[in-house]
Amino acid sequence: MELPLVVGVDGSEPSLRAVDWAADEAVVRGVPLRLVYACLWERYEGAALARDLGEPSAEVLPQDLVGAAKERARARQPGLEISTEVVFEEPEYVLVHEGRKASALVVGSRGRSGITELLLGSVSLTVAAHATCPVIVLRGAHDNHVAPRTEGRVVVAVGEDAKESAAVRFAYEEARRRKAPLEAVRAWRCPAHESTDHPLLADAPAQLHERHAQEALDAALGDAPPDVEVHRRAVEGHPRKVLADASRGADLLIVGAKRREGHFGLQLGRVAHAVLHHSSCPVAVVPQQA
């Protein structure tokens, strides 16, 4: 039996976008869709879904919320198999638990300030940092409609230990599903203390770092499948900026996150943490055991 694609639903505009995106994604993957609402409260507190239902938010029950989300997904993808679940528990705990029997988790980014779209909500961040399956965090639009697929590129960040990378394997599958080219990006920088004033050696340190970046790309993509079009890019600059630039116009940006057994803090890494806040497209965080 195919593991479902699980989407966290909370009635907010970002979660409504997540429902739309996940419905399309489930069809592409050929898997069922599972809508999960988790909250400690027995009534919904928010405006987006209450407005759709035409009721005051204080009168909307969680069952109404997931039912409306289910109808929304079914209207978008009529033939899709959809299940729902309501759990009165901390959403972070519930979604991480759901991820143990999911092909992937989908969550909307939901900040809590005047610059909501620039900040990542605590639920999304915690789930991305602890789930044992890939977590896809939606970034981008400012309304409750999902941005259309560009069918442009899938981008994967190549890190230091990229050989046999779970993120790269995941990227191959995503590019194949979308029939899109895969762009593998490795950022590199030349520390200032390695520069030299000698005219014949001025570019030598930079060339060495660039060559190491190219070698890392070659090692990571040595087993690239023949049916996936792969482009290698070694780009000078800070990884956060390089990947944020690469995310523009992409369908998906994929980053890895090491999971260390027995470690209870946020297990994301600085690069993954940064792109979750700054990417222009959905970000997939793929866990890998360290």
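In which hand, left-handed or right-handed, does helix 4 pass helix 5?

A: Helix 4 passes helix 5 in a right-handed crossing; a crossing is right-handed if the near helix is turned clockwise from the far one by less than a right angle, and left-handed if anticlockwise. This is a predicted model, where local features need pLDDT of at least 70 and side-chain atom pairs count only at pLDDT 80 or more, while totals for chains, interfaces and linings use all residues. Residues are numbered from 1 along each chain as its sequence is written, and side-chain values use heavy atoms, with hydrogens and water left out.

The axes of helix 4 and helix 5 come within 9 Å and cross at roughly 35 degrees. Axes here are lines fitted to C-alpha atoms, for helices over the stretch in contact, with angles from 0 to 180 degrees between N-to-C directions. Helices are DSSP runs of H or I with at least four residues, strands are runs of E with at least two, and both are numbered from the N terminus.

On the helix 4 side, Pro-91, Glu-92, Leu-95 and Val-96 meet Ser-122, Val-123, Thr-126, Val-127 and His-130 of helix 5, where contact means heavy atoms within 4.5 Å. By class, this contact has five nonpolar, three polar and one charged residues. Ala, Val, Leu, Ile, Met, Phe, Trp, Tyr, Cys and Pro count as nonpolar, Asp, Glu, Lys and Arg as charged, and the others, Gly among them, as polar.

Helix 4, residues 91-98, is mostly covered, with six of its eight residues buried. Buried means under 20% relative accessible area, exposed over 50%, and partly exposed in between, using a 1.4 Å probe and protein chains only. The buried residues are Pro-91, Glu-92, Val-94, Leu-95, Val-96 and Glu-98. Their cover includes helix 5 (122-130), along with strand 1 (5-8), strand 2 (33-38), strand 3 (82-87) and strand 4 (104-108).

Helix 8 passes helix 9 in a right-handed crossing. In that pair, Pro-239, Arg-240, Leu-243 and Ala-244 of helix 8 meet Val-271, Ala-274, Val-275 and His-278 of helix 9. The residues of this contact divide into six nonpolar, one polar and one charged.
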